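Please look over the chain shown here and read the report that follows alongside it.

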Amino acid sequence: PQKKPATEQQVAATTEGEHADVPPASVDSILSAGKATLHGHALTDVNALLAKAENADQSAKAEIYKELGDIWLQHKQMAPAAYYYTEAAKLDNSEKSLNFAARLNSDLLRSAESASVRVWAAQQAIAAYEQSLKLNPDNDTVKMALAAAYIDGTSQPMQGIQLLLGITREQPDNIQANLMLGQLSIRSGQMDKAQERFEKVLSIEPENTEALYFLAEVYKSKGNKQKAIELLEECKRIINNPQ
């Protein structure tokens, strides 16, 4: 019998299990671990700024938190940096600062070794993106980044999938939303749906290397190795990077 196409709920269930039962890291544990790596003047500067922030008003506190974020970033401590930039952005309440902080957390979500830190970073990113969308509800770039945070960092991927589907309903030709939905379809084994998404992108941008690459993966999974090779050769020609 023919298999019924998977629903969006089934796609969500596929990704949901990846983050089940992983508690987020605590801010205290993140800051304590970060402080253990600081020495000398850097630790002195951090403690001085924290003391200064205790009696500061909202505007001054936002600037102090940005300074703290700068120090942590200079010492390549991404989690404490993301925390303070996010706190500063919440106080500042500007699109620019909120999106910067959210992107930093999204980067941490993809790069952190600890699963609990990744879940914490996702929560931070979601809070900042959602606050940014209150300021500009029509920013599709932020909507897609928010969707990715829900899908890649929480046990509620359906919220992210619905955001992407909402974008494609209003803008069927949206390249990035179709690419993301196509990749999700691959993750959940919906190769026919994935093929439709990537072919849609290539009908608009014939040299979109991401669509070419993932469409090749779809054909490979279906056993059509020759078509996969043709697509990968085309992708290689466009990228033109021997490595």
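## Helix α11

In this predicted model, helix α11 covers residues 191-204, and its 14 residues reach 20 Å from the first C-alpha to the last, which is close to the 20 Å expected at 1.5 Å a residue. The buried residues of α11 are M191, A194, Q195, F198, V201 and L202. Seen down the axis of the helix, these buried residues of α11 fall within an arc of 130 degrees, so they line one face.

The face of α11 turned away from that buried side carries D192, E196 and S203, which are exposed. On the buried side, the cover over the residues of α11 includes α10 and α12, the latter formed by residues 209-221.

## The chain as a whole

The secondary structure of the chain comes to 13 helices, with zero strands, and the pattern read along the sequence is accordingly α-α-α-α-α-α-α-α-α-α-α-α-α. Along its principal axes, the C-alpha trace spans about 65 × 40 × 35 Å.

Of the 243 residues in the chain, 44% are buried.

## The largest pocket

The largest pocket has a volume of about 530 Å³. Its lining is made up of 22 residues, and those that lie nearest the centre of the pocket are R110, M144, A145, A148 and M180. The elements that give two or more residues to this lining are α6 (95-111), α8 (140-153) and α10 (175-187).

Helix α8 gives the most to the lining of the largest pocket, contributing eight residues.

## Residue N99 in helix α6

Helix α6, one of the elements that contribute two or more residues to the lining of the largest pocket, also contains N99. Is N99 buried or exposed? The relative accessibility of N99 is 10%, and because the cut-off for a buried residue is under 20%, N99 counts as buried.

When residues up to four places away in sequence are not counted, N99 touches Y129, S132, N139 and V142. Of these contacts, V142 falls within the residue range 140-153 of α8, the helix that gives the most to the lining of the largest pocket.

Definitions and conventions. Residues are numbered from 1 along each chain as its sequence is written. This is a predicted model: local features need pLDDT of at least 70, side-chain atom pairs count only at pLDDT 80 or more; totals for chains, interfaces and linings use all residues. Side-chain values use heavy atoms; hydrogens and water are left out. On a 1 Å grid over the protein atoms alone, a cavity is a set of points where a 1.4 Å probe fits but cannot get out, and a pocket is an open set with protein on both sides within 12 Å along at least five of seven lines; lining residues have an atom within 4 Å of a point. Grid points are joined across faces, edges and corners, and a volume is the space filled by probe spheres set on the points. Helices (H or I, at least four residues) and strands (E, at least two) are DSSP runs, numbered from the N terminus. Buried means under 20% relative accessible area, exposed over 50%, partly exposed in between (1.4 Å probe, protein chains only). Contact means heavy atoms within 4.5 Å. The expected span of a helix is 1.5 Å times one less than its number of residues. The arc is that of the directions from the helix axis to the C-beta atoms.
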